[in-house]
Structure formats: C-alpha cells, structure tokens
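Reader: I would like to learn how to read a model like this one, feature by feature. Please take me through it.

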Amino acid sequence: MISLQRFRCFRNVNAISVLNRLAEMHSGLMPHQIASATGCSLDEAMSLLLHLSTLDIAKAKTLVYHINDNTDPPVSILTRNLNEGPPELPLVCPICGQDIENYEELLFDFIFILNTKPHFKE
Amino acid sequence: MAGAVYVLRYQDDINQFTNAFLQSSDFEIEVLKQVMRRFGVITNFKTKADIVSQLTQYLRLKSYRQDLLSIIIEQLVVRPKESIALKMGIVPSLPELNDPSDLVISPGKEEWYGPVSCPGDNNATWYIRPQLIDYWDILPTEQSPTLLKARWLCFARLAEDALSLHWKGFTYPNGPEGVQNNARRVQFPYWVYVPQFFGELEKLTSAKTTYVNLHDLFLHQLWDTFVDDKNYHWTHTRIRAESSGVSLNAHAGNADNELNVGGILHLARTVRTAVEKELAAASISLPSPEHIDNTILRTLIREYGALSYGFSLEAWKSVIFKAHSYFGLKPESRSADSFPHMQVTYSEKDALEQLQFVIAHARNTKSGGNDKPATISMF
C-alpha cells in the first residue's frame, strides 16, 4: 500500500481510484499520462513517479525522441535507464534512417516501468 | 490551411503598402465589406481586388485619416481567430502603447500596439503584436525565389481576470524549395512566439497570471459535469495520446457524416462489437454494451496519456463549445504540445462566446499552478 499523504493533489477518492486503475492497466507510466488522467500538473505527476522510483516500485527510464519524426504524436526511438544519461552520438534514427549527430536533434521524456503493481491509499 | 500572414512589400509607398495589406490573407471579403459599411461607403464590387481598390482610393482621398485607420484595425480585431491561449489571474493596468493605426500603413515594429476597443466586446481591451518572419516567395519580376519578410499578427485580449492571446495559424515555405511545392510548406511555429508574447504582456501590464489547466478543465471538470447530463450532447472528436512508446491519433471527420455518427464513439463501438462477437461465440453476452463503449472511450481519452483532445458540447441542437485543445504536457517538445491552447471551431458558435464559456468554468476550477507551462528538468 502506497500512502499518498504527502501528495495533496492525489488525496481524494477520485484521484486514488484513477491511480489504482492506471497501475492495474499499464506496465509503465509517463508524467503526462498521470496529469491527463487525474487533472494534476506535470510537476505533481513527476513527483509521484519519482516517489515510486525511490521506493523501488518503479524503474525510471528516459525516452529519446528524434525531432524530425513526423509521426503525430511522435514516438520514442530509444529507451534508456535514467542513470545512463543521454545516448552516445552519432546514432541512426530507427524510424527515418537519418544520422543524428547533435543533441539538438533529440528530445527527452520519462517513463516509469512498474516493478510491482502498487496499490494507493490516502 | 486557412491562415493570416502578410508578405511585406512596398514599404516605401504608403498607397501600395496599404493596398497589399488589405489584399492579404489578414482580410476576407466580408471583413472588407464591414469596413466599407462603417466608412459609410456603398460597394457593389464582388471581387476582393475591386473592393480593396475602392477602399484604398477612399483612404487616399481622405488622407489616411486616423479614425478610418482605427476602423480597419477594429475590424481586424473583431475578425474571429481559431487559436486561443488563456491565462488567468490579475491584470492591473492597461498601458498606452504604440498607435495601432500605424500597422495599416507601415510594417511596424516587433512591439505591442494598442489599446484597441473591439466592437461587441465592451468589457475587454485588445492589443496587437506584429511578428516579422522570413518568408520565401517569387517576385512578379523574377524567376527564382527571394527571401522576404512577412508579418504575422497576434492579438491580446485583456479582461478582468483573463489574459488571452488569439491568432490564426498558417503554412508557409520555410525555404526556397517550398515556394512552388505545396508539399514542402510547413506549419508556422507559433509555439515559439506565443509563450514569449505572454511574458512581454505580463511585464507591460504588471499582470500576474497562470495558464488555465485545460486537461483538468476539459477531461475532468466539464466531462464530469456534462457527459452524462441528458440535456447536453457531448461528442468526442479527436484524441492525440502517447503511452508506453505507442502514440495514438484518432480524428473524427464531420460529425454529420452518416459514416461517422458520434465521432470517436464509432471507434469504441467497433472494438466493443468485435469483442462482443468473440464472447457470443463462447455463449457469453456483454451485460451493458453502452457501458463498455464508455469504458473504452474513458481508457483511450483519459487514461492513455492524452496530449490533446477535441470535443463538441451542444444543448438544444446549438453548439456551446467545439474545439481541439492542446494541454501543454510536453513543455520541452518545440511543438504545439509545448503550451496549453485551444483551436476553436467558430463556424457554428462565435469564438469569443466560446472563450467566455471556458473562462466562466475555469473560474470554478483550479489553475495550472505555475507561472509557465510545467517544466521537467532534463538531466
């Protein structure tokens, strides 16, 4: 049972129910996913996911995107452990086949892979 | 894509400059006719070129009188704009800035112009911000593309506790190869400028505002209020989402199209029907198909990592709100997802009335809580 005592925005029945549902359905969670599902801000979502990470319930990973990706919304081209930092360059984009030689061509986001299915409580 | 941008030419000649501006995509024929009506001039011309010619002759005859130029600016402000970004908070002062009439007869500077009053919007004050951008085009006397400057206008509305920016987007050739090849045109990156314009305005007006949390407002507050209310009709029209490395972009066409009654509900029904058929083969029936449809919709729209969402809300066959809204949940993305804004459809309901609807409901909900779109520090 994960206590949400320190997270004011999630301390209500609706938010707890949504978080438990998300954890049941998904193997990994992204900050914007928590935000759009609960209505909280991105910062609040990130705080919760980092909390799960420190409890070893979730493993933080970096998602790497290529800015030339014309998919809408873009999809990630690489997933790396957060502690590994950015990927080494150059690399070839597996989607468009272009060489990527500059970090300016990359964007980053986070996903937290759930090691166990957490159950949230107030 | 409809748009609004004026490729700057004839800067040294006030008559030619004004004529080219009125001919630009900043004005539709109806806007020009409204200007003529307010001038008290009757026009029987049908084409844009003829109306503009009559209009510029009249302006020349009246020596570009200030009150006439002000009417043109006011009609430019009244002209509906589909894109709206909204911040709320305290807007304490309405400063006198550059004279907006200058924008009719000259390119202007990359600064704020105003105040401007908007006919029919008496409780608000408007300002205008020109942005000059590189624009490739072929001049009539030349064979190959030339790099020119174009002027894009962004409009600010200041009212009580709300500060909103309004604009029309456009596509343009961002290189010489895009001039004659429509496939090489790109969307103007308004997301680079709009958040910066908010910053400028907040400094000029000493405003303290925060972005309205659109994902909370639309996916939760309004959804919970209206979706199940039988007096209202809510149609899900678009969802862009990303979850676990899979992105989703579902976009319903015209809701009146008999192929797609009910927008994205059609997608949910198709999935449910397929599952229902499999279960029927095993002699299992779904207890409540409608409930399953709603569960699929809720999963796709609220729980799959929505980045933007489109819906229409109607009551008594009249549109209350119809928009595709970006939530600003990828602040580092250098795309439309980097800050919260709405793209309203104004053919069935006035854009400002839809903004008023959002403002009224945003007052009852919490704000995003940040001075800017929430950011995540990278590495």
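Reader: Where is A:Pro90 found?

Author: This is a predicted model, and A:Pro90 lies in its loop between β4 and β5 (91-92) of chain A. The point to check there is the peptide bond, read from the angle omega. From A:Leu89 to A:Pro90 the bond is cis, with omega near 0°.

Reader: Which peptide bond is cis with omega near -10°?

Author: That is the bond from A:Asp72 to A:Pro73. A:Pro73 sits in the loop between β3 (58-66) and β4 (78-81) of chain A.

Reader: How many bridges join β2(A) to β7 of chain A?

Author: There are 2 bridges between β2(A) and β7 (residues 106-114) of chain A, and these strands run antiparallel.

Reader: Now chain B. Over how many bridges do β10(B) and β11(B) pair?

Author: They pair over 6 bridges, in the antiparallel sense. One pair to locate is B:Glu242 with B:Ser247 of β11(B). β10(B) also pairs with β12(B), again antiparallel, over 9 bridges. In that case B:Ala241 has B:Ala306 of β12(B) as its bridge partner.

Reader: How many residues lie between the strands in the hairpin of β10(B) and β11(B)?

Author: There are 2 residues between the strands, and B:Ser244 in this hairpin takes a positive phi near 45°. A positive phi is worth noting here, as B:Ser244 is not a glycine.

Reader: Is B:Ser244 buried or exposed, or does it count as partly exposed?

Author: The way to read this is to count the C-beta atoms around the residue. B:Ser244 has 17 C-beta neighbours inside 10 Å and therefore counts as partly exposed.

Reader: What is the phi of B:Glu160?

Author: Phi of B:Glu160 is near 45°, a positive value in a residue other than glycine. B:Glu160 lies in the loop between β5 (146-159) and β6 of chain B. With 12 other C-beta atoms within 10 Å, B:Glu160 is exposed.

Reader: Let us step back from single residues. Into which domains is chain B divided?

Author: The division gives domain 1 (6-211) and domain 2 (214-362). For these two domains of chain B, the centres taken over C-alpha atoms are 33 Å apart. The next step is to ask who takes part in the contact: 15 residues come from domain 1 of chain B and 18 residues from domain 2 of chain B.

Reader: Which elements of chain B each supply at least two residues to the side of domain 1 that touches domain 2?

Author: They are β2 (83-90), β6 (162-167) and α6 (190-205) of chain B. β2(B) gives the most to that side of domain 1, with 5 residues. By class, the side of domain 1 of chain B that touches domain 2 has 10 nonpolar, 2 polar and 3 charged residues.

Reader: How many residues of chain B are in contact with chain A?

Author: The contact takes 31 residues of chain B and 31 residues of chain A. On the chain B side, the elements giving two or more residues are α7 (214-226), β10 (232-243), β11 (246-251) and β12 (306-315). α7(B) gives the most, with 4 residues. By class, the side of chain B that touches chain A has 10 nonpolar, 13 polar and 8 charged residues.

Reader: What does the secondary structure of chain B come to?

Author: Chain B has 10 helices and 14 strands. For the overall form, compare the radius of gyration with a reference value. For chain B the radius is 23 Å, close to the 21 Å that the globule rule gives for 379 residues, so chain B is as compact as a globular protein of that length. The C-alpha trace of chain B spans about 85 × 50 × 50 Å along its principal axes, and buried residues make up 39% of the 379 residues.

Technical notes:
Residues are numbered from 1 along each chain as its sequence is written. Chains are lettered from A and ligands numbered from 1 in the order in which they are written. This is a predicted model: local features need pLDDT of at least 70, side-chain atom pairs count only at pLDDT 80 or more; totals for chains, interfaces and linings use all residues. Domain bounds come from an automatic or database domain assignment. Two residues are in contact if their C-beta atoms, placed from the backbone, lie within 7 Å. Ala, Val, Leu, Ile, Met, Phe, Trp, Tyr, Cys and Pro count as nonpolar, Asp, Glu, Lys and Arg as charged, and the others, Gly among them, as polar. A residue is buried if 20 or more other C-beta atoms lie within 10 Å of its own, exposed if 12 or fewer, and partly exposed in between; C-beta atoms are placed from the backbone. Two strands pair if DSSP finds at least two bridges between them. The radius of gyration is taken over C-alpha atoms; the globule rule is 2.2 Å times the number of residues to the power 0.38.
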